[in-house]
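Subject: Structure for you to look at

Hi,

Here is the structure I promised you. Please open it first, then read my notes below with it on screen.

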Amino acid sequence: MVGWAIAVHGGAGVDPNLPPQRQEEAKQLLTRVLNLGISALRSNASAIDVVELVVRELETDPLFNSGRGSALTEKGTVEMEASIMDGTKRRCGAVSGLTTVKNPISLARLVMDKSPHSYLAFAGAEDFARKQGVELVENDYFITPENVGMLKLAKEANTILFDYRVPISGYDTCGAEVESPIVMNGLPISVYAPETVGCVVVDREGRCAAATSTGGLMNKMTGRIGDSPLIGAGTYACEVCGVSCTGEGEAIIRGTLAREVAAVMEYKGLGLQEAVDFVINDRLDEGFAGLIAVSNSGEVAYGFNCNGMFRGCASEDGFMEVGIWE
Amino acid sequence: MGGWSIALHGGAGDIPFSLPPERRKPREEGLRHCLQIGIEALKAQNPPLDVVELVVRELENIQHFNAGIGSVLTNSGTVEMEASIMDGNTMKCGAVSGLNTVMNPISLARQVMDKTPHIFLAFQGAQDFAKQQGVETVDSSHFITEENVERLKLAIEANRVQVDYSQYNYTQPVQDDAEKELPLANGDSQIGTVGCVAVDSHGNLASATSTGGLVNKMVGRIGDTPLIGAGTYANELCAVSATGKGEAIIRATVARDVAALMEFKGLSLKEAADCVVHERTPKGTVGLIAVSAAGEIAMPFNTTGMFRACATEDGYSEIAIWPTA
């Protein structure tokens, strides 16, 4: 028996000029979903159920880039992806290219539990969703006016944009770009905010689980798959830990980031925080990313090498923290 | 630093010892042919990244392997091909899934790596990209062979996901899947996928893998082959390409783990490869080929057999199907 622990994130790489109101909204959402997870854990829910529950909540809220509020493809549509992993037997499920499934993380769970495969995508995934009777909606349910605006800006800049919910009235702060020379994925930080969502949990039985969900990059090519649905990259869980990553997808894939945390724990005997620090400091080269992790002994940790990460964590001993900056 | 080394595979699985000559010989010949192409390319000082792409293209073009032409069919009788490639030096990678008209999936994966800011493109988006790039496309019927139509029929009759070989080859149910209790999830023989790893005399490493996937797979199913860290991986220590039961390879992050064991536990290539195949994955599910920066080669498998071939600059070469020891 260990004390439970939980961490959630809403994305790594945050504009230092992010309007205070936006920061407040983010912290409130992180607090709310953290509490949701905590209640479930107090009722002895299993790690795998809790991560799904929490990520569903993050998908449903339009604030972050997943489910409703997802970033838009170059065609102005939404293509969502997600993955979930149960550390106990390293069972996993993943989905990509979803356009009508209300909660991608739950479909990923169904792939894990109810299909002979680990990863389903595009039309095949949607067929499976239909057969499973999950809640389906029109694609425009996921599209928010803010993201339509952002897509336009991204196209004008003709670059890939992560996501940023700049209130239209606040856009006259082009001065902000000059003041913030921070760049992420080739973009000034003022027009970047990745906001993938994720959750990792270790329950009282010491079982770890991880879940990640996203709409991906703003203005991405249709058919582009990022790190979030890739087991070992964006999501990983095994006997010793559960990890969910966020940030520059390509860097996370190259660095097989989530697996890396577990690998240095398993093969080098590093503790959780050491492992997280090692991976963030050593495995990202020029890439920017962040991650959250829990261990089977009830620890929780996070790390990021970019400017800020929306996150929250809590453990049974009463520790609780929600933050954005260092 | 050793000289160059190259290894390639045409799939691991329950390859019966009784495999008739008419099924065995064309595959052996295919391996021989592709090995030779790889050797020539390395002798001509081509970078390993180009060599692995070249060799996998050749394997895709041979109908007897489950990649490109000769890909196994989905439960709808269609072809959905996937592939990935990785450069050990730069750690750049490219992957594609859900292709049905692109002549050489591995080359499209290379284009994704070289020509886009992304790593992984799939289905319609990948096909659109292929069109934009002007890569060679054909009608999807081009990839479908009689043998695979037959294979699919048998699999559907058995209502199982079968991987290659038209004989029923039931291995024990894979322990990890016991809780699923779906006929499709039971450990049927899992073969198919082609791959190549290579290293030159400077220690530059690269890996490439390509497949049609599992017979009777659900439309939209993505396996380990296009997943960096699962089916394909390369860094400065080694290059790895895996084959077998995709779902097992994914959860064990097979390709990445070989490199991780070398790096974090100081194991040799052979020790690391053996550990992953014999200790960290269920029997009957996985095989892999790997080369190290020093030119060593490892080709372990925990299935009945694995179509494979390798060669080193000092003249050693091998083509085999079953265990040789």
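**Where the chains meet**

The contact between the two chains draws on 46 residues from chain B and 43 residues from chain A. Keep in mind that this is a predicted model. The size of an interface is often given as the accessible area lost when the parts come together. Here, chain B and chain A bury about 3800 Å² between them. Carbon and sulfur atoms give 62% of that area.

There are also 17 residue pairs in polar contact between chain B and chain A. On chain B, the elements β4 (120-122), α4 (123-133), α6 (246-251) and α7 (254-265) each supply at least two residues of the side that touches chain A. Of these, α7(B) gives the most, with seven residues. By class, that side of chain B has 26 nonpolar, seven polar and 13 charged residues.

The chains pair through strands too. Strand β9 of chain A (residues 224-225) runs antiparallel to β4(B), over two bridges. In one of them, L121(B) is the partner of R224(A).

Now look at helix α4 of chain A (residues 122-132). Its buried residues include F122(A), F128(A) and A129(A). The buried residues of α4(A) pack against parts of both chains, among them β3 (91-98) of chain A and α4 of chain B. Just after α4(A), G133(A) takes a positive phi of about 70°.

**Salt bridges**

Side chains of opposite charge can pair when their charged atoms come close. The structure holds 32 salt bridges over all chains. Five salt bridges cross the interface of chain B and chain A. One joins D128(B) to K75(A), with the closest N and O atoms 3.7 Å apart.

Which residue does R283(A) pair with in a salt bridge? The partner is E260(A), at 2.9 Å between the closest N and O atoms. R283(A) sits in the loop between α9 (272-282) and β12 (289-295) of chain A, and E260(A) in helix α8, so the pair ties together parts 23 residues apart in sequence. Both R283(A) and E260(A) are buried.

E260(A) also forms a salt bridge with R256(B), the closest N and O atoms being 2.5 Å apart. That pair crosses between chains, from α7 of chain B to α8 of chain A. R256(B) is buried, at 1% relative accessible area.

Last, a pair within one helix. E147(B) and R151(B) form a salt bridge at 3.0 Å. Both lie in α5 of chain B, four residues apart, about one turn of the helix. E147(B) is partly exposed, whereas R151(B) counts as buried.

Best wishes

Terms used. Residues numbered from 1 in each chain as written. Chains lettered and ligands numbered in written order. Predicted model: local features only at pLDDT ≥ 70, side-chain atom pairs only at ≥ 80, totals over all residues. Heavy atoms only, no water. Contact = heavy atoms within 4.5 Å. Buried area = accessible area lost by both parts, 1.4 Å probe. Salt bridge = Lys/Arg side-chain N within 4 Å of Asp/Glu carboxyl O. Polar contact = N/O pair within 3.5 Å; in protein donor to acceptor, adjacent residues only side chain to side chain. Nonpolar A, V, L, I, M, F, W, Y, C, P; charged D, E, K, R; others polar. Pairing = 2+ DSSP bridges. Buried < 20%, exposed > 50% of the residue type's maximum accessible area, 1.4 Å probe, protein only.
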